[in-house]
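Please keep the sequence and the model at hand while reading.

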Amino acid sequence: MTAGQNLASDRDGDHGNILVLAVLALIVGAVSGFVGALFLLLLERADRFRDALIVWAHSAFAGFLVVSIACTVGAAVAAWLVRRYSPHASGSGIPHVEAVLNEELPQAPFRIIPVKFVAGVLAIGSGLALGREGPSVQMAATIGHLVGKEFRRSWPDCRVLLAAGAGAGLATAFNAPIAGAIFVLEELVRRFELRVAIAALGASATAISVSREFLGDAADFHVGTLAYAGAATKPLYFVLGAVAGLTAIAYNRLLLGTIATINRLDRWPVEVRAGTIGGAVGMLAWFVPDLVGGGDPIAQRTLIGAGTLGLLPLVFLLRLGLGAISYAAGTPGGLFAPMLVLGAQLGLFFGQLCQLVFPDLNIQPEGFAVVGMAAFFTGVVRAPLTGIVLVVEMTANVTMLLPMLGACFMAMLVPTLMHDPPIYDSLRELTLERERTRLKQAET
């Protein structure tokens with residue numbers, strides 16, 4: 001056989017392998033879309049149950065205690081499931097997925113899927129300010145690896161399917177298939193890999209096709225008609241981006257500091273810590289039920305301009321602290337959804353302030369809320385393409401695309417110049433540190 005024939009044979013083999021991966025990616029996406037849709041439907045049921053319980057409790061004797069105890073038990077059971085059956089199911093799960101893709105950690109046992117599912121519903125349903133996307137991404141990534149194992153693929157192929165599954169999980173969580181595929185390349189593998197790109201696109205496509213059969217195809221958020229930004233207002237979006245970048249630094253440091261503080265209470269069992277946080281959230285839910293949970297209703301109200309200059313900072317600070325302490329509980333739950341809430345609130349407040357200072361510029365504060373979501377996400381995660389496309393898909397709005405580019409440029413630049421690491425890099429280091437500690441304890 002000649003050298004040319006050998007080369008042609010190798011190419012045919014590569015094409016055949018890519019075709020197999022493409023087919024498996026479609027399977028991964030379909031299963032991930034079904035599991036993710038079921039997870040989201042149960043979260044909706046859990047939120048409605050919590051709201052109904054609070055309404056009933058306001059007319060019942062000792063209703064305050066009932067709500068607090070229910071949230072305490074939900075968070076504590078979620079933490080117990082994680083500790084007992086799958087420690088890697090705690091938190092977002094995205095840092096663990098990144099560590100597996102980088103071969104820094106082995107894939108967790110496949111029982112992480114039911115643990116993440118059940119404990120995620122319990123934790124977020126208890127009112128903790130956590131996002132649905134973390135569990136969706138980790139479950140779908142594990143499904144990708146499981147499919148690869150079942151079809152006896154090599155680790156490089158399993159790695160591709162794992163990454164593709166993660167993208168399908170994000171796509172399902174936010175009804176954003178393009179953002180799911182971009183997230184894989186920009187955040188998870190951080191370079192363009194042809195095989196990963198093909199698999200991610202296929203998995204996201206089938207995940208959305210399946211999930212929309214259960215969830216519908218409407219955008220997650222409704223935004224009114226927004227005018228294109230005029231020349232006079234465009235500089236304000238750069239300023240908003242810089243403010244979002246500085247706020248993102250504060251958010252990252254607050255989150256990591258809160259985790260460190262809660263971890264110092266190691267004399268308390270993790271169930272006690274999580275239950276205490278859950279109980280505190282239940283008390284808050286008794287007084288202001290609309291401010292707990294993942295936060296989608298808050299984001300929706302913000303995007304239509306609900307909120308005043310005096311009230312927005314208070315709600316923002318409350319959600320900021322609630323998100324940090326909820327994540328520190330160690331139960332399953334992500335960061336994306338709470339971040340989008342904070343970004344929308346920051347943008348709306350900035351827009352209303354600009355409207356007050358520059359009354360002749362015909363400013364729409366709602367447009368700043370949309371841009372603020374992408375800018376704050378970019379400042380925290382340092383994944384601007386994912387942030388921009390995610391917000392565009394979730395709001396079905398493209399008129400703010402150019403302002404988003406300017407704002408995300410500044411939101412990316414400011415934390416980089418101030419040497420603030422992206423949040424998932426920091427959380428991945430914490431994940432690796434916990435694993436090293438666990439191994440040392442096992443040896444002794």
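Which residues are linked in a network of salt bridges? In this predicted model, the network is made up of E98, E104, E187, R190, D425 and R428, and a search of the whole structure finds 15 salt bridges.

**Salt bridges between distant parts of the chain**

- D296 and R132 meet through their side chains at 2.9 Å, N to O, and this pair joins helix α11 (residues 296-303) to the loop between α4 (112-125) and α5 (133-150), with 164 residues separating the partners.
- Within that pair, D296 is partly exposed at a relative accessible area of 23%, whereas R132 is buried at 12%.
- E193 and R159 form a salt bridge whose closest N and O atoms are 3.2 Å apart; E193 lies in the loop between α7 (177-188) and α8 (194-215), and R159, 34 residues away, belongs to helix α6 (residues 155-174).
- E193 has a relative accessible area of 17% and R159 one of 13%, so each counts as buried under the 20% cut-off.
- D420 and R382, both buried, are joined by a salt bridge of 2.9 Å, N to O, which links the loop between α16 (401-417) and α17 (423-443) to the loop between α14 (365-381) and α15 (384-395).

**Nonpolar core**

- The largest nonpolar core comprises 133 residues, and F174, F336 and M339 have the most contacts inside it, while helix α1 (residues 3-57) gives the most to this core, with 12 residues.
- Setting aside neighbours within four places in sequence, F336 is in contact with I94, E133, L170, F174, F183, F377, L390 and Y424.

Definitions and conventions
Residues numbered from 1 in each chain as written. Predicted model: local features only at pLDDT ≥ 70, side-chain atom pairs only at ≥ 80, totals over all residues. Heavy atoms only, no water. Core = buried A, V, L, I, M, F, W, Y, C linked by side-chain atoms within 4.5 Å. Buried < 20%, exposed > 50% of the residue type's maximum accessible area, 1.4 Å probe, protein only. Helix = DSSP H or I, 4+ residues; strand = E, 2+ residues; numbered from the N terminus. Contact = heavy atoms within 4.5 Å. Salt bridge = Lys/Arg side-chain N within 4 Å of Asp/Glu carboxyl O.
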